[in-house]
Amino acid sequence: MGELSKLPNIGKTVEEQLIQVGINSVDELKSIGAKEAWLKIQKIDESACIHRLMALEGAIEGIKKTMLSDEVKTDLKEFYQRNKR
């Protein structure tokens, strides 16, 4: 496992998906953001759920997804509802 899996919430599978969609480093993930990264993952894995989106945001913020602020959770839920397949 590589650099991405050292982030909170990022296991082997999500790391592999990030690499598959062209996100190979922590800096690239932070630059693209959780929403765009999730959209890319959703194109290769239609089962990408709200929990994966929140996990990506938590990874960027350096916290467990359960520790995201209520405002961030609400924003991510609205984004998910607009973009889920």
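Is L29 buried or exposed? In this predicted model, L29 is buried, because its relative accessible area is 0%, and buried means under 20%.

**L29 and its neighbours**
- L29 sits in helix α2.
- Leaving aside residues up to four places away in sequence, L29 touches L4, L7, L18, I23, A37, L56 and I60.
- L29 and L56 are 27 residues apart along the chain, yet 8.5 Å separates their C-alpha atoms.

**The nonpolar core**
- The largest nonpolar core has 24 residues, and L18, L29, L53 and L56 are the ones that touch the most other members.
- At least two residues of this core come from each of α1 (12-20), α2 (26-32), α3 (34-44), α4 (50-61) and α5 (70-83).
- Helix α4 gives the largest share, with six residues.
- L18 has contacts with L4, I23, L29, A37, I41 and L56, again not counting residues up to four places away in sequence.
- As a bit of background, nonpolar side chains tend to be buried together in soluble globular proteins.

**Helix α5, face by face**
- The 14 residues of α5 reach 20 Å from the first C-alpha to the last, close to the 20 Å expected at 1.5 Å a residue.
- Its buried residues are L76, F79 and Y80.
- Viewed down the axis of α5, these buried residues fall within an arc of 100 degrees, so they line one face of the helix.
- Helices α3 and α4 are among the elements that cover them.
- On the other side of α5, you will find D70, E71, Q81 and R82 exposed.

Terms used:
Residues are numbered from 1 along each chain as its sequence is written. This is a predicted model: local features need pLDDT of at least 70, side-chain atom pairs count only at pLDDT 80 or more; totals for chains, interfaces and linings use all residues. Side-chain values use heavy atoms; hydrogens and water are left out. A nonpolar core is a set of buried Ala, Val, Leu, Ile, Met, Phe, Trp, Tyr and Cys residues joined through side-chain atoms within 4.5 Å. Buried means under 20% relative accessible area, exposed over 50%, partly exposed in between (1.4 Å probe, protein chains only). Helices (H or I, at least four residues) and strands (E, at least two) are DSSP runs, numbered from the N terminus. Contact means heavy atoms within 4.5 Å. The expected span of a helix is 1.5 Å times one less than its number of residues. The arc is that of the directions from the helix axis to the C-beta atoms.
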